[in-house]
Amino acid sequence: MMQGKFDELLEKHSLKKTAPRFRVLEVLSNRNVATSQPNLENILGKEVDRVTLYRILKTFEEKGIIHKIIDSNGTANYAVCHSSCTEHQHRDEHLHFNCTVCKNVYCLNDVHIPNVILPGGFEASTINLIATGICPGCKAASE
Ligand SMILES: [Zn+2]
Ligand SMILES: [Zn+2]
(Lines give C-alpha, C1' and ligand atoms only; values in the text may rest on other atoms or scores of the structure.)
(Ligands and ions follow the chains in the order given, each with its own letter.)
Protein backbone atom coordinates (compact mmCIF):
# COMPACT_ATOMS: atom_id res chain seq x y z
CA MET A 1 0.00 0.00 0.00
CA MET A 2 1.17 3.48 -0.82
CA GLN A 3 0.85 6.70 1.10
CA GLY A 4 -2.18 7.71 -1.01
CA LYS A 5 -3.92 4.51 -0.08
CA PHE A 6 -3.36 5.16 3.61
CA ASP A 7 -4.73 8.68 3.17
CA GLU A 8 -7.83 7.25 1.60
CA LEU A 9 -8.22 4.60 4.26
CA LEU A 10 -7.97 7.04 7.16
CA GLU A 11 -10.32 9.47 5.42
CA LYS A 12 -12.85 6.74 4.77
CA HIS A 13 -12.96 5.99 8.48
CA SER A 14 -12.93 9.70 9.47
CA LEU A 15 -9.63 9.31 11.29
CA LYS A 16 -7.13 12.12 11.61
CA LYS A 17 -4.02 11.58 9.53
CA THR A 18 -1.23 11.34 12.05
CA ALA A 19 2.34 10.18 11.51
CA PRO A 20 2.06 7.27 13.99
CA ARG A 21 -1.08 5.99 12.26
CA PHE A 22 0.70 6.07 8.91
CA ARG A 23 3.67 4.24 10.37
CA VAL A 24 1.53 1.47 11.87
CA LEU A 25 -0.34 1.01 8.58
CA GLU A 26 2.92 0.99 6.68
CA VAL A 27 4.51 -1.65 8.90
CA LEU A 28 1.44 -3.89 8.95
CA SER A 29 0.81 -3.74 5.22
CA ASN A 30 4.43 -4.30 4.26
CA ARG A 31 4.52 -7.69 5.91
CA ASN A 32 3.00 -10.83 4.46
CA VAL A 33 2.41 -12.30 7.89
CA ALA A 34 0.53 -10.91 10.88
CA THR A 35 2.66 -8.84 13.24
CA SER A 36 2.65 -9.38 17.00
CA GLN A 37 2.32 -6.43 19.32
CA PRO A 38 5.81 -6.91 20.86
CA ASN A 39 7.24 -7.15 17.36
CA LEU A 40 5.46 -3.95 16.36
CA GLU A 41 6.91 -2.22 19.40
CA ASN A 42 10.39 -3.34 18.33
CA ILE A 43 9.98 -2.20 14.74
CA LEU A 44 8.54 1.19 15.68
CA GLY A 45 11.00 1.74 18.51
CA LYS A 46 10.84 5.27 19.82
CA GLU A 47 8.78 6.51 16.86
CA VAL A 48 5.51 5.51 18.47
CA ASP A 49 5.18 5.11 22.22
CA ARG A 50 3.40 2.16 23.73
CA VAL A 51 0.23 3.91 24.80
CA THR A 52 -0.18 5.54 21.39
CA LEU A 53 0.41 2.21 19.67
CA TYR A 54 -2.17 0.53 21.90
CA ARG A 55 -4.74 3.22 21.07
CA ILE A 56 -4.02 3.07 17.35
CA LEU A 57 -4.43 -0.70 17.27
CA LYS A 58 -7.67 -0.49 19.23
CA THR A 59 -9.10 2.20 16.93
CA PHE A 60 -8.02 0.40 13.75
CA GLU A 61 -9.55 -2.81 15.02
CA GLU A 62 -12.84 -1.12 15.88
CA LYS A 63 -12.96 0.51 12.46
CA GLY A 64 -12.35 -2.74 10.63
CA ILE A 65 -8.98 -1.62 9.26
CA ILE A 66 -7.02 -4.38 10.94
CA HIS A 67 -7.92 -7.60 12.71
CA LYS A 68 -6.41 -9.31 15.69
CA ILE A 69 -5.32 -12.93 15.79
CA ILE A 70 -4.41 -14.54 19.08
CA ASP A 71 -1.72 -17.14 18.40
CA SER A 72 -1.12 -20.39 20.26
CA ASN A 73 1.03 -18.54 22.83
CA GLY A 74 -1.77 -16.12 23.59
CA THR A 75 0.06 -13.24 21.89
CA ALA A 76 -1.98 -10.73 19.90
CA ASN A 77 -1.01 -10.44 16.24
CA TYR A 78 -2.37 -7.86 13.83
CA ALA A 79 -2.99 -7.91 10.09
CA VAL A 80 -4.59 -5.47 7.67
CA CYS A 81 -8.16 -6.35 6.68
CA HIS A 82 -9.57 -6.59 3.24
CA SER A 83 -11.31 -3.46 2.05
CA SER A 84 -14.64 -5.26 2.40
CA CYS A 85 -14.46 -4.85 6.16
CA THR A 86 -16.43 -2.07 7.76
CA GLU A 87 -16.94 -0.98 11.31
CA HIS A 88 -17.97 -3.88 13.55
CA GLN A 89 -18.44 -6.02 10.51
CA HIS A 90 -15.38 -8.04 9.69
CA ARG A 91 -16.63 -9.71 6.57
CA ASP A 92 -13.45 -11.32 5.42
CA GLU A 93 -13.41 -14.02 8.02
CA HIS A 94 -10.71 -16.34 6.89
CA LEU A 95 -8.61 -19.10 8.33
CA HIS A 96 -5.40 -18.21 10.15
CA PHE A 97 -2.41 -20.48 10.24
CA ASN A 98 0.08 -20.43 13.10
CA CYS A 99 3.35 -22.15 12.21
CA THR A 100 4.78 -23.95 15.22
CA VAL A 101 8.34 -23.62 13.86
CA CYS A 102 8.72 -19.97 12.76
CA LYS A 103 5.74 -18.87 14.93
CA ASN A 104 4.42 -16.78 12.05
CA VAL A 105 0.69 -16.18 11.78
CA TYR A 106 -0.55 -16.25 8.21
CA CYS A 107 -3.83 -14.86 6.91
CA LEU A 108 -5.17 -17.47 4.53
CA ASN A 109 -7.46 -15.01 2.83
CA ASP A 110 -8.78 -17.50 0.32
CA VAL A 111 -9.82 -20.03 2.94
CA HIS A 112 -13.15 -18.83 4.25
CA ILE A 113 -14.62 -19.96 7.50
CA PRO A 114 -17.64 -22.11 6.69
CA ASN A 115 -21.02 -20.99 7.85
CA VAL A 116 -21.23 -22.20 11.44
CA ILE A 117 -24.72 -23.00 12.68
CA LEU A 118 -25.08 -22.11 16.34
CA PRO A 119 -27.68 -23.43 18.75
CA GLY A 120 -30.69 -21.21 19.36
CA GLY A 121 -30.00 -18.12 21.44
CA PHE A 122 -26.30 -17.88 20.54
CA GLU A 123 -25.34 -14.97 18.35
CA ALA A 124 -21.72 -14.73 17.21
CA SER A 125 -20.23 -11.35 16.33
CA THR A 126 -16.95 -12.84 15.16
CA ILE A 127 -15.66 -16.33 14.62
CA ASN A 128 -11.97 -17.11 14.78
CA LEU A 129 -10.51 -20.21 13.34
CA ILE A 130 -6.83 -20.94 13.68
CA ALA A 131 -4.90 -23.89 12.34
CA THR A 132 -1.48 -24.78 13.72
CA GLY A 133 1.21 -26.78 12.00
CA ILE A 134 4.10 -26.21 9.65
CA CYS A 135 4.21 -23.55 6.94
CA PRO A 136 5.60 -24.18 3.40
CA GLY A 137 8.82 -22.28 4.16
CA CYS A 138 9.61 -24.29 7.29
CA LYS A 139 8.59 -27.53 5.61
CA ALA A 140 10.98 -26.88 2.75
CA ALA A 141 13.78 -26.02 5.18
CA SER A 142 13.29 -29.27 7.09
CA GLU A 143 13.50 -31.49 4.00
ZN1 LIG B 1 7.05 -21.54 9.50
ZN1 LIG C 1 -6.29 -12.54 8.83
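Two strands pair if DSSP finds at least two bridges between them. Helices (H or I, at least four residues) and strands (E, at least two) are DSSP runs, numbered from the N terminus. This is a predicted model, in which local features need pLDDT of at least 70, side-chain atom pairs count only at pLDDT 80 or more, and totals for chains, interfaces and linings use all residues. Residues are numbered from 1 along each chain as its sequence is written, chains are lettered from A and ligands numbered from 1 in the order in which they are written, and side-chain values use heavy atoms, with hydrogens and water left out.

**Stop 1: strand β4**

Select residues 94-99. This is β4, and 6 of its 6 residues are buried (under 20% relative accessible area; exposed is over 50%, partly exposed in between; 1.4 Å probe, protein chains only). Now pick His96. Its bridge partner in β5 is Cys107, and in β6 it stands opposite Ile130.

**Stop 2: the zinc ion**

Select ligand 1. Which protein atoms are the donors of the zinc ion? They are the SG atoms of Cys99, Cys102, Cys135 and Cys138, lying 2.2 to 2.3 Å from it. Donors are N, O and S atoms within 2.8 Å of the metal (3.2 Å for Na, K and Ca); water is not among the atoms, so sites may look incomplete. The 4 donor atoms subtend angles of 105 to 117°, so the arrangement is tetrahedral (four donors, all angles between 85 and 135 degrees).

The sequence spacing is C-x2-C-x32-C-x2-C. Cys99 lies in β4 and Cys135 in the loop between β6 and α5 (136-142), so this pair ties together parts 36 residues apart in sequence.

**Stop 3: each cysteine**

- Cys99: buried, at 1% relative accessibility.
- Cys102: in the loop between β4 and β5; partly exposed, at 30%. Leaving aside neighbours within four places in sequence, it is in contact (heavy atoms within 4.5 Å) with Cys135 and Cys138.
- Cys135: buried, at 3%.
- Cys138: in helix α5; buried, at 14%. Not counting residues up to four places away in sequence, it touches Cys99, Val101 and Cys102.

**Stop 4: the β2-β3 hairpin**

Select residues 66-70 and 76-80. These are β2 and β3, antiparallel, with 5 bridges. Ile70 stands opposite Ala76. Finish at Gly74, which takes a positive phi near 85°.

Note on methods. Four donors count as tetrahedral if all angles lie between 85 and 135 degrees; four count as square planar and six as octahedral if opposite donors are over 155 degrees apart and all others between 65 and 115; anything else is irregular.
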